[in-house]
Amino acid sequence: MLTRTEFLSMVLPPTGTYCVVGLKDGKPKQTFVASVEELDNYADALVHKGYDAYFALASFADDSGRTITNAVQLNSFFLDLDCGAGKPYADQAEGLKALKEFVKTTGLPKPTVVVNSGRGVHVYWVLEQPVEKTEWRSL
């Protein structure tokens, strides 16, 4: 099993500014950091303060915002499969079954990493090298 730092190092671009978002009481707290290790540590601190912690998959030019305009690179393709009452899939088993069919139908390779996100499933295809946002968006 991967540690969170190993996972983040795998799915995020190797350089740039990274963004972690904490949600508590419906209010987002967005922070930019300079390394994957800082991202991991800051996420831990947020969780200890009662926040749900999330990370953006892009690296950013600076801390001006978590926007496509400020995004620089990505190191993975990803899916978020929402599961549970009122969601596209009744449960994770149904979501994983749909993922398997999607991969088969599209001819995509097996995902690099599949993560239990609590109620849903996060799916990542890690790229051999980071791609600029213009290339990534066109794909």
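Modeller: Let's start with a term we will need: a polar contact is a pair of N or O atoms within 3.5 Å, one able to donate a hydrogen and the other to accept it. Please keep in mind that this is a predicted model.

Biologist: Thanks! What makes the link between the side chains of Gln-73 and Glu-132 a polar contact?

Modeller: The distance joining these two side chains is 3.0 Å, and the limit is 3.5 Å, so the pair counts as a polar contact.

Biologist: And why is Gln-73 called buried?

Modeller: Buried means under 20% relative accessible area. Gln-73 has 14%, so the word applies. This residue lies in strand β5, which covers residues 71-81.

Biologist: Which residues does Gln-73 touch, beyond those up to four places away in sequence?

Modeller: Among them are Pro-13, Thr-15, Leu-57, Ala-58 and Ser-59, and also Pro-130, Val-131 and Lys-133. To count as a contact, heavy atoms must be within 4.5 Å.

Biologist: Let's turn to the open spaces. How do you know where empty space is left?

Modeller: A probe the size of a water molecule is rolled over the atoms, and this shows where space remains.

Biologist: What surrounds the largest pocket?

Modeller: Its lining has 40 residues, and Ala-53, Tyr-54, Phe-55, His-122 and Tyr-124 lie nearest the centre. Strand β5 gives the largest share of that lining, 6 residues. By class, the lining holds 26 nonpolar, 6 polar and 8 charged residues.

Biologist: Which strand gives the largest share of the lining of the second largest pocket?

Modeller: That is β7, with 5 residues. The second largest pocket is lined by 13 residues, with Phe-77, Phe-78, Leu-108, Trp-125 and Leu-127 nearest its centre.

Biologist: Now the nonpolar cores. Which members of the largest one touch the most other members?

Modeller: Leu-12, Leu-39 and Phe-60 do, out of 23 residues in this core. At least two of its residues come from each of α1, β1, β2, α2, β4 and β5. Apart from it lies another core of 6 residues, including Leu-81, Val-103, Val-123 and Trp-125.

Biologist: Why might nonpolar side chains be found together?

Modeller: In soluble globular proteins, they tend to be buried together.

Biologist: And what is Leu-12 in contact with, leaving aside neighbours within four places in sequence?

Modeller: Leu-12 meets Tyr-18, Val-36, Leu-39, Phe-55, Ala-56, Leu-57 and Asn-75.

Technical notes:
Residues are numbered from 1 along each chain as its sequence is written. This is a predicted model: local features need pLDDT of at least 70, side-chain atom pairs count only at pLDDT 80 or more; totals for chains, interfaces and linings use all residues. Side-chain values use heavy atoms; hydrogens and water are left out. Helices (H or I, at least four residues) and strands (E, at least two) are DSSP runs, numbered from the N terminus. Buried means under 20% relative accessible area, exposed over 50%, partly exposed in between (1.4 Å probe, protein chains only). On a 1 Å grid over the protein atoms alone, a cavity is a set of points where a 1.4 Å probe fits but cannot get out, and a pocket is an open set with protein on both sides within 12 Å along at least five of seven lines; lining residues have an atom within 4 Å of a point. Ala, Val, Leu, Ile, Met, Phe, Trp, Tyr, Cys and Pro count as nonpolar, Asp, Glu, Lys and Arg as charged, and the others, Gly among them, as polar. A nonpolar core is a set of buried Ala, Val, Leu, Ile, Met, Phe, Trp, Tyr and Cys residues joined through side-chain atoms within 4.5 Å.
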